[in-house]
Amino acid sequence: MLLSERLEGVASLITAGIPVIDVGTDHAYLPVSLVGRGYTPYALCSDLRQGPIDRAADNIRQAGLEDRIRTVRCDGVPPAEALTEDLRGGALVMAGMGGPLMASILEKAADRLGFFSEIIAEPQSDAAAFRRCLVNLGFRITDEKMVKEENKFYPIIRTVKAEEPVPALKEAALAFGPCLLAAKDPVLKACLEKQLAVNEALIRQLSDLGDKASAQTEKRLSRLTEEGRLLTAVLAGL
């Protein structure tokens with residue numbers, strides 16, 4: 001099964017040879033592809049709604065992988081009884097959700113996160129909130145990738161449980177990713193250049209209101225100005 005560039009990016013950060021637990025699986029495209037190509041031996045697909053579970057089951061059956069990919073309907077990380085021995089030490093994968101939702105999923109499953117050797121996540125909004133959650137839960141970010149697909153940018157994060165306390169991340173690292181910044185990632189640079197252009201256009205638009213600007217608009221303008229300063233500073237180092 002061919003994956004989108006976004007899901008291929010997610011797959012590229014998963015360690016080969018370990019099981020995959022795909023939370024919010026939808027069509028199970030990722031597990032079917034990984035198991036089908038022999039990259040991972042087993043997978044568990046979970047979703048909150050029955051519709052995605054049914055679609056996932058259909059795709060698994062069509063691929064002839066019912067003996068190696070199971071489904072479970074649940075809210076967030078599967079319960080302990082679904083995490084059978086053949087899945088322990090696997091990769092917990094979350095893709096296509098907002099950062100705050102992913103953070104909430106991890107926080108609710110804190111007692112089960114030790115079952116996994118790594119977490120691979122692709123937050124589609126507020127990645128800073130998700131990275132902050134990882135630090136608070138004692139996880140260390142080991143790798144990141146930024147993927148561009150259909151003119152949209154998607155950050156992907158690989159993280160593992162740290163053996164020592166994890167230091168807090170600075171503002172830029174929270175927002176844009178410590179590994180991406182350290183690598184001076186060219187796709188990240190393109191993403192931030194686009195963000196800065198949008199930011200500057202909004203600042204000009206709001207500034208043109210002059211005395212007509214409300215207190216709420218002034219507050220937004222101040223926030224945009226701060227965001228613009230951060231973007232400019234970070235881009236100068238990329």
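Predicted model: local features only at pLDDT ≥ 70, side-chain atom pairs only at ≥ 80, totals over all residues.
View 1. Let's start with α1 (residues 5-12) and α2 (residues 29-36), whose axes come within 11 Å and cross at roughly 55°. Helices here are DSSP runs of H or I with at least four residues, strands are runs of E with at least two, and both are numbered from the N terminus. Axes are lines fitted to C-alpha atoms, for helices over the stretch in contact, and angles run from 0 to 180 degrees between N-to-C directions. L7, V10 and A11 of α1 meet Y29, L30 and L34 of α2, where contact means heavy atoms within 4.5 Å. By class, this contact has 6 nonpolar, no polar and no charged residues (Ala, Val, Leu, Ile, Met, Phe, Trp, Tyr, Cys and Pro are nonpolar; Asp, Glu, Lys and Arg are charged; the others, Gly among them, are polar).

Residues are numbered from 1 along each chain as its sequence is written. Local features need pLDDT of at least 70, side-chain atom pairs count only at pLDDT 80 or more, totals for chains, interfaces and linings use all residues, and side-chain values use heavy atoms, with hydrogens and water left out.

**View 2. N59 sits in helix α3 (residues 50-62).** At 15% relative accessibility, N59 counts as buried (under 20% relative accessible area; exposed is over 50%, partly exposed in between, with a 1.4 Å probe and protein chains only). Leaving aside neighbours within four places in sequence, N59 is in contact with H27, Y29 and V32. Y29 is 30 residues from N59 in sequence, yet their C-alpha atoms are 7.7 Å apart.

**View 3. The largest nonpolar core has 28 residues.** Such a core is a set of buried Ala, Val, Leu, Ile, Met, Phe, Trp, Tyr and Cys residues joined through side-chain atoms within 4.5 Å. Look for L92, M94, L106, L113 and F130, which touch the most other members. Helix α4 (99-108) is among the elements that give two or more residues, and α4 gives the most, with 4.

**View 4. Helices α8 (residues 186-207) and α9 (residues 215-236) cross at roughly 150°.** They are therefore roughly antiparallel to each other, and the crossing is left-handed.

Conventions. Parallel < 35°, antiparallel > 145°, perpendicular 65-115°, else oblique. Left-handed = near helix turned anticlockwise from the far one by under 90°.
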